[in-house]
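Please find below a short briefing on a structure.

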Amino acid sequence: MDGVQFCCRGCAGAFELIKGLGLGRYDERRSLTGVTQGARPEAAPVAADPSAWVVAEPDGTCRLSLMVDGLQCGACVWLIEQSLQREPGVRQARVSLSTRRLTLSWLKGAADPIALIDRVQRLGYRLVPFDPCLLQSADDGESKALLRAMAVAGFAAGNIMLLSVSVWAGHAEGMAAGTRDLFHWISALIAVPVIAYAGQPFFRSALQAIGNRRTNMDVPISLAVILAPAISLIETFRGGEHAYFDSAVTLLFFLLIGRYLDRRVRARARLAVEQLAALNATAATVVDDDGATRDLPPTSVQPGMRVLVSAGGRVPVDGVIESGASDLDLSILSGESVPVSRKAGDEVFAGAVNLTAPLRIVTRQSGAKTLLADIIGLMEAAEARRGRYVRIADRVARLYSPVVHSVALLTFLGWTLLGDMAWQPALLIAVAVLIITCPCALALAVPVVQVAASQRLMRSGILLKAGDALERLREVDYVVFDKTGTLTTGELRLLDNADPEALTIASAIAAGSRHPLARAIRRAAPRVAPKDGVREIAGSGLEFTDGAGTWRLGSHAFVGEADDGGDAQSLWLAGSDRPPVRFQFHDDFRPDGPAAIQRLRAMGCTVEICSGDRPAAVRAVATGLGIESWHGGMRPADKVAHLEQLRAAGRRVLMVGDGLNDAPALAAAQVSMAPATGTDVTQSAADIVFQGASLAAIPDVLALARTADRLMRQNLSLALVYNLAAVPLAMLGYVTPLIAALAMSSSSILVIANALRLGKMRLQ
Amino acid sequence: MTILLYLIPVALFLGALGLAAFLWALKSGQYDDLEGAASRILFDEEPPSA
């Protein structure tokens with residue numbers, strides 16, 4: 001295919017390999033939505049020896065688990081699996097798109113794991129072996145247990161409801177007492193073991209809360225779910241008329257659904273953090289004193305060891321450059337797209353990508369002490385702190401459950417002491433009170449609004465990740481933006497005023513460089529044949545000599561121009577016999593930026609920029625968008641500290657950012673948003689991810705959050721009013737199981753119908 | 001009404017069969033990758049030809 005442009009050599013190489021394998025249909029299957037993530041700057045790295053992670057089974061099969069970096073859609077899954085399964089000796093290759101992990105098994109001795117990994121790396125994906133036993137999220141047991149409990153409760157709820165409807169019909173039609181008792185017994189046989197099994201998640205949580213001398217929503221739930229079948233069992237023994245098995249099991253089933261959905265959202269977030277930790281796990285090439293080199297895992301590199309980083313490789317440790325000079329892409333740490341040049345004596349940090357020339361580094365810190373590990377730690381700590389936020393449903397529960405319990409107790413005491421009733425029927429009435437007040441509508445009031453809101457947002461390309469994000473968003477009165485990639489598109493564009501002739505020459509020279517400015521030149525003039533024999537001088541620029549003399553493309557110093565103090569985002573082209581020409585670049589604003597900021601202000605929010613970029617560049621963007629308050633040169637920890645200060649001052653902060661350096665700040669803010677163009681980690685740290693280039697998504701979500709909050713409050717009041725009306729009836733002993741089921745379902749339907757109004761809301 | 005003595009166990013047995021099928025699917029890892037499964041259905045099983 002001639003005339004096809006590839007974003008990087010990796011893609012071109014992958015394309016060749018795909019064609020060679022006869023897997024050309026990959027491109028038909030690609031179903032990428034929106035903007036893809038940036039191309040990985042690394043050339044295919046050398047596969048580290050995975051033998052330490054290989055598990056040998058007794059039947060001669062070897063098994064290896066690997067994390068896959070760069071997975072985009074189902075087509076990637078297909079490509080990796082197909083190309084591996086064509087290798088001889090491979091028993092199974094299976095990629096999970098949700099966990100981004102590859103399980104590989106082969107016959108011992110029949111295949112070489114290094115060759116298999118290399119095969120996939122040449123496709124452009126990076127593989128990192130890991131030990132499934134050591135990862136928390138690999139142990140998905142809890143989520144599976146919830147799903148099992150849910151299935152069992154669902155089965156029981158359906159069958160018991162079938163029997164209960166017959167009994168209710170029997171009350172009107174005059175069913176014989178024997179048949180009724182038989183139905184009660186069958187219900188009991190199903191309900192008791194099911195509740196004992198499927199109710200465990202709630203019982204555990206309730207016990208924990210009581211152990212800490214607190215109460216949560218799970219306490220009244222557990223009480224109702226245990227007491228209702230217990231008292232119904234006694235009634236069944238006595239041949240009584242009413243049994244509440246159906247109420248208890250149905251309640252349990254609905255609550256388990258909510259619990260399972262909640263749990264899945266949280267598991268995803270943890271997954272991405274572990275993925276980041278694995279990124280750190282590239283092998284480090286250590287140079288011994290006698291000059292020999294060997295590969296070590298980065299965590300086993302000791303301070304003082306010399307490490308070699310090839311051009312295109314990722315720096316594995318924090319340290320000081322001993323020899324060599326190169327341009328480093330620090331975007332993983334600072335979020336800024338312009339590389340910085342580093343020479344002998346300068347500090348470098350783990351996670352940076354070495355762009356132009358090999359470096360030899362003396363290690364200072366490795367493993368858990370590196371800056372990259374610090375960022376991960378910072379993010380986890382910030383997330384833990386945010387756990388202090390109390391959701392509206394829990395706040396209601398704190399008030400609600402003591403009231404419910406005392407009302408039920410009062411009912412029981414009232415009937416036995418004042419009404420001279422035997423304790424069994426009095427207890428039955430008290431349980432009816434517990435069931436009628438059981439927070440079924442209350443437990444639905446908030447989640448249903450959240451489901452309606454997240455579906456409404458999904459239609460506009462906005463992903464709601466945290467369940468309580470809308471509640472936290474409602475209170476926001478302060479919005480902090482990152483600059484590069486958030487307010488701007490993060491992609492440098494050549495300004496139109498460039499001289500076309502000079503641009504043609506510059507593009508020919510820039511063709512082979514990975515430097516972002518050189519790439520921007522290529523984008524402006526892609527149809528120029530590249531020149532051979534271009535030399536890349538690290539930290540300075542590109543040099544090319546032909547018959548007419550020497551051409552230089554690079555910084556102002558490289559071509560002998562004085563520094564005019566302008567921004568660093570310019571390149572100079574100088575020939576031997578002509579004056580230097582300047583190329584200027586601009587990082588474009590996202591569309592709708594000013595309008596979105598206007599709307600945020602109109603909603604009562606203060607807007608601010610916090611960036612890791614140079615203050616001059618931040619000021620330019622702030623002036624361009626009319627934002628008075630801005631901070632430049634902030635490191636990840638500075639951003640977190642700044643957010644903590646704002647929080648201490650009583651502000652409720654929404655943080656919007658896209659880079660890995662923003663991830664801790666995103667986790668520290670009251671609520672956070674990230675564009676879908678951000679890194680995986682940023683997206684996992686953020687509560688809300690928005691697709692598309694427009695910033696209008698931010699005021700849209702804020703407006704929807706405020707509406708959703710109003711609906712939640714309405715729903716809670718509706719549920720409370722319902723309970724207030726039903727409780728006196730229950731206390732007087734008029735509530736039969738039929739009435740309980742009717743009240744429970746009609747109040748739930750009312751609450752759901754109210755929440756669905758959110759779907760009609762129009763976003764601007 | 002003695003028919004109930006047959007019908008109810010039969011209904012319960014059929015329901016339990018469905019439950020067992022679900023639990024088996026869960027155990028054999030069919031719920032591990034819900035996103036991948038959505039696109040996996042579109043892949044043809046091609047015989048290795050190359």
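**Structural briefing**

Asp420(A) is found in the loop that joins α12 (392-418) to α13 (423-437) of chain A; helices (H or I, at least four residues) and strands (E, at least two) are DSSP runs, numbered from the N terminus. This is a predicted model, in which local features need pLDDT of at least 70, side-chain atom pairs count only at pLDDT 80 or more, and totals for chains, interfaces and linings use all residues. Residues are numbered from 1 along each chain as its sequence is written, while chains are lettered from A and ligands numbered from 1 in the order in which they are written.

**The loop residue**
- Phi of Asp420(A) is near 55 degrees, a positive value in a residue other than glycine.
- Most residues other than glycine have a negative phi.
- Asp420(A) counts as exposed because it has 8 C-beta neighbours inside 10 Å. By C-beta atoms placed from the backbone, a residue is buried if 20 or more others lie within 10 Å of its own, exposed if 12 or fewer, and partly exposed in between.

**Chain A overall**
- Chain A has 25 helices and 27 strands.
- Of its 764 residues, 46% count as buried.

**Helix α25(A)**
- The 20 residues of α25 (residues 737-756) of chain A should span 28 Å at 1.5 Å a residue, and the end C-alpha atoms are 29 Å apart, which agrees. The expected span is 1.5 Å times one less than the number of residues.
- Its buried residues are Pro737(A), Ala740(A), Ala743(A), Met744(A), Ser747(A), Val751(A) and Ala755(A).
- Seen down the axis of α25(A), these buried residues fall within an arc of 130 degrees, so they line one face of the helix; the arc is that of the directions from the helix axis to the C-beta atoms.
- The face turned away from the buried side carries the exposed residues Ser746(A), Ile749(A) and Ala753(A).

**Contact of chains A and B**
- 20 residues of chain B are in contact with 23 residues of chain A (C-beta atoms, placed from the backbone, within 7 Å).
- α1(B) supplies the largest share of the side of chain B that touches chain A, 7 residues.
- The axes of α5 (residues 141-173) of chain A and α1(B) come within 10 Å and cross at roughly 170 degrees (lines fitted to C-alpha atoms, for helices over the stretch in contact, with angles from 0 to 180 degrees between N-to-C directions).
- That makes α5(A) roughly antiparallel (an angle over 145 degrees) to α1(B).
- Residues of α5(A) that include Phe155(A) meet residues of α1(B) that include Phe22(B).

Notes:
Contact = placed C-beta atoms within 7 Å. Parallel < 35°, antiparallel > 145°, perpendicular 65-115°, else oblique.
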